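Please read them with the structure open beside you.

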Amino acid sequence: MLKQRFTIKTSAISIFYLLIWLSGGFFIGYLVRGKSQKVIGLHNVMPDQILLSGISDYLTMSVTDFSRMINHIKKRLPITTDVGARDTALLTFDDGVKNNFEVVFPILEKAAVGAYFFVPLSVAVSQRVTYIDRIFMWADFAPAGVHQVPREIGLSGASEILLDTTDSRFEAAQKLAKAAKKNEASRRAIEGWIDAVEPDLRARCGDSYHRLRFTAMSTEDLARLKNRGHFVGAHSVNHAQLSLLSDDALQRDFEQCASAIDNSYNTRIYCYPFGGPNDVSSMAASCCQATGFEAAFLNVSVVPGHLREHGAYALPRISIPPHAPSWVIDAKLTGFDSLLRSIFGSQ
Ligand SMILES: [Zn+2]
């Protein structure tokens, strides 16, 4: 009941935070807040002039917003790469997409701060972005109209997909992602189907956009990040939803990632793919610990009940919306936003 009553629109929450901000409430928050580290989960940062408003950029920050956010955080808290250091902020970037090297890296160099880059092993080795990014590329840039979906993809209840509005494109991406997560044969079929039209999709989104958003960091890019003091960490082999894997497959996935430490990776910190309450099982956290990782990040600001006993293997992360104004960033950094979420049961 309370939960339903609290489903206020984001804009209303933002205004609420603005009022607290104007009243100086967050400064009190910074003084009295818990001293726990604030880990920030980010994905893509794109140059303002090629940032698009489509579904591929729903987790993307512009260079302007990202630089402003970094400056704001630096004013409030030291940014560190020391996991668990109290009273600090730590930056993480998921999925190993090229913009992390070409766009994020120079900004971090300028700001003299380090970060973690979590890259699925298959992305680090094959240098192809995850199936999730490839599905977004198709759903965002395939021409409008009805598309026949090959039977081997195993889309439940439909053999065709209609792409017209942004909503229908987002829905299409979710449907394909669901099929891909369910079994590996579907995932491979989807990837093959998208590969065949990739040149057309690239032409439709433009070469620069395609390179920064839909190609992966190279081995050289990753080596350069590591040489400059950043950390490249594991993010599963193929970006599977770990809670859907059998115990054997889960074990193998973690073992493969662990064996790439000191080669593809230079840290024993892990980051769960997707990272939501339904994506990470208690078994996944146990496997993570048993295979020699030191800690692992979720993608939610409140640790779900079934993972609380896993301590360092279920560390929360906060996400800052792409256009977050200063008062929303403050609400996140003081822990005020997480506190409200834990009281009202929202993620
Ligand atoms: Zn990811």
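The points below go from the overall fold to one helix and its surroundings.

1. Basis of the note. This is a predicted model, in which local features need pLDDT of at least 70 and side-chain atom pairs count only at pLDDT 80 or more, while totals for chains, interfaces and linings use all residues. Residues are numbered from 1 along each chain as its sequence is written.

2. Overall shape. The radius of gyration, taken over C-alpha atoms, is 20 Å, which agrees with the value near 20 Å that a compact globule of 347 residues would have; the globule rule here is 2.2 Å times the number of residues to the power 0.38. Along the principal axes the C-alpha atoms fill a box of roughly 60 × 45 × 45 Å.

3. Secondary structure and burial. The protein has 15 helices and 10 strands, where helices (H or I, at least four residues) and strands (E, at least two) are DSSP runs numbered from the N terminus. Of the 347 residues, 41% are buried; a residue is called buried if 20 or more other C-beta atoms lie within 10 Å of its own, exposed if 12 or fewer, and partly exposed in between, with C-beta atoms placed from the backbone.

4. Domains. The domain assignment, which is automatic or from a database, gives domain 1 (2-129 + 215-344) and domain 2 (131-211), and their C-alpha centres lie 26 Å apart. The contact between them takes 14 residues from domain 1 and 19 residues from domain 2, two residues being in contact if their C-beta atoms, placed from the backbone, lie within 7 Å. On the domain 1 side, the touching residues divide into seven nonpolar, five polar and two charged, counting Ala, Val, Leu, Ile, Met, Phe, Trp, Tyr, Cys and Pro as nonpolar, Asp, Glu, Lys and Arg as charged, and the others, Gly among them, as polar.

5. Helix H7. In H7 (residues 131-141), 10 of the 11 residues are buried, and the cover over these buried residues includes strand E7, helix H8 (166-182), helix H9 (184-205) and helix H10 (207-214). Asp133, in this helix, is buried, with 21 other C-beta atoms within 10 Å. Beyond its neighbours within four places in sequence, Asp133 is in contact with Asp95, Val97 and Phe214.

6. Which residues does Ile135 contact, leaving aside its neighbours within four places in sequence? They are Ala173, Leu176, Ala177, Ala180 and Ile190. Ile190, found in helix H9, counts as buried with 24 C-beta neighbours inside 10 Å. Ile190 and Arg134 are 56 residues apart in sequence, yet their C-alpha atoms are 9.0 Å apart in space.

7. Strand E7. The covered face of E7 (residues 160-163) holds Ile161 and Leu163, and the uncovered one Glu160 and Leu162. Strand E6 (residues 145-148) runs antiparallel to E7 and is joined to it by four bridges, where two strands pair if DSSP finds at least two bridges between them. Ile161 is the bridge partner of His147.
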